[in-house]
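Please read this report alongside the sequence and the model.

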Amino acid sequence: MPEAKKQDDIKVIATNRKAYHDYFIEETIEAGIELKGTEVKSVRLGHVNLKDSFARVEDGEVFLYNMHISPYEKGNIFNVDPMRDRKLLLHKHEINRLAGYVQQKGYTLIPLKIYLKRGKIKVELAVAKGKKLYDKREAIAKRDAELEIKKKMKEYLR
């Protein structure tokens, strides 16, 4: 019998690093995504951009907006609009919970990363609250201080 695969065999395709800078992440949830054939091939090649993308709950369904998937080079007539809205696949109770969060003031749904999990394309969706300018400055100052401390420790230990 062949060796068993790891349970969570995950290959990250794209991340939304700007989201961590612009938002406080409250909660994350894994969702499937509805894609057309050539989009799947393009995503597997890593031709995805999550920058400025967001999700909305509409009529009991969750849709992802502004996610750019480049057209597959060999797809010719089967290629679809790279910026089209894409439906996210979630259970009803998960959608209701997300809808409850989004109705609160200041919360939004942001995709953090898109990845392959056991051959399926998944999106990590986050319930996030926007940061104010002073919060961003504070985060940058904290990161710079930590880098400075690491640098000094490295010099000290030599």
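The report below goes through these topics in turn.

This is a predicted model, in which local features need pLDDT of at least 70, side-chain atom pairs count only at pLDDT 80 or more, and totals for chains, interfaces and linings use all residues. Residues are numbered from 1 along each chain as its sequence is written, and side-chain values use heavy atoms, with hydrogens and water left out.

**Strand pairing**

Helices (H or I, at least four residues) and strands (E, at least two) are DSSP runs, numbered from the N terminus. Two strands pair if DSSP finds at least two bridges between them. Strand 2 (residues 23–33) and strand 9 (residues 120–130) run antiparallel and are joined by nine bridges. Within this pairing, I25 has A128 of strand 9 as its bridge partner. Strand 2 also pairs with strand 7 (residues 86–89), again in the antiparallel sense, over two bridges. Here G32 stands opposite L89 in strand 7.

**Salt bridges**

A salt bridge is a side-chain nitrogen of Lys or Arg within 4 Å of a carboxyl oxygen of Asp or Glu. The count by this rule is nine.

For accessibility, buried means under 20% relative accessible area, exposed over 50%, and partly exposed in between (1.4 Å probe, protein chains only). D52 counts as exposed because its relative accessibility is 51%, whereas K18, at 40%, is partly exposed.

In the pair E58 and R56, E58 is partly exposed with a relative accessible area of 28%, and R56 is partly exposed at 43%.

E124 is buried because its relative accessible area is 18%. K113 has 26% relative accessibility, so K113 counts as partly exposed.

Apart from these pairs, a network of salt bridges links E39, R84 and R86.

**G100**

G100 lies in helix 3 (residues 92–103). At 33% relative accessibility, G100 is partly exposed.

Rolling a probe the size of a water molecule over the atoms shows where empty space is left. On a 1 Å grid over the protein atoms alone, a cavity is a set of points where a 1.4 Å probe fits but cannot get out; lining residues have an atom within 4 Å of a point. Grid points are joined across faces, edges and corners, and a volume is the space filled by probe spheres set on the points.

How many cavities of 30 Å³ or more does this rule give? The count is one. The largest cavity holds about 40 Å³ of space. Its lining consists of T38, E39, S42, I69, S70, P71, Y72, N79 and V80. Helix 2 (residues 37–44) supplies the largest share of that lining, three residues. By class, the lining has four nonpolar, four polar and one charged residues, where Ala, Val, Leu, Ile, Met, Phe, Trp, Tyr, Cys and Pro count as nonpolar, Asp, Glu, Lys and Arg as charged, and the others, Gly among them, as polar.

Notes: On a 1 Å grid over the protein atoms alone, a cavity is a set of points where a 1.4 Å probe fits but cannot get out, and a pocket is an open set with protein on both sides within 12 Å along at least five of seven lines; lining residues have an atom within 4 Å of a point.
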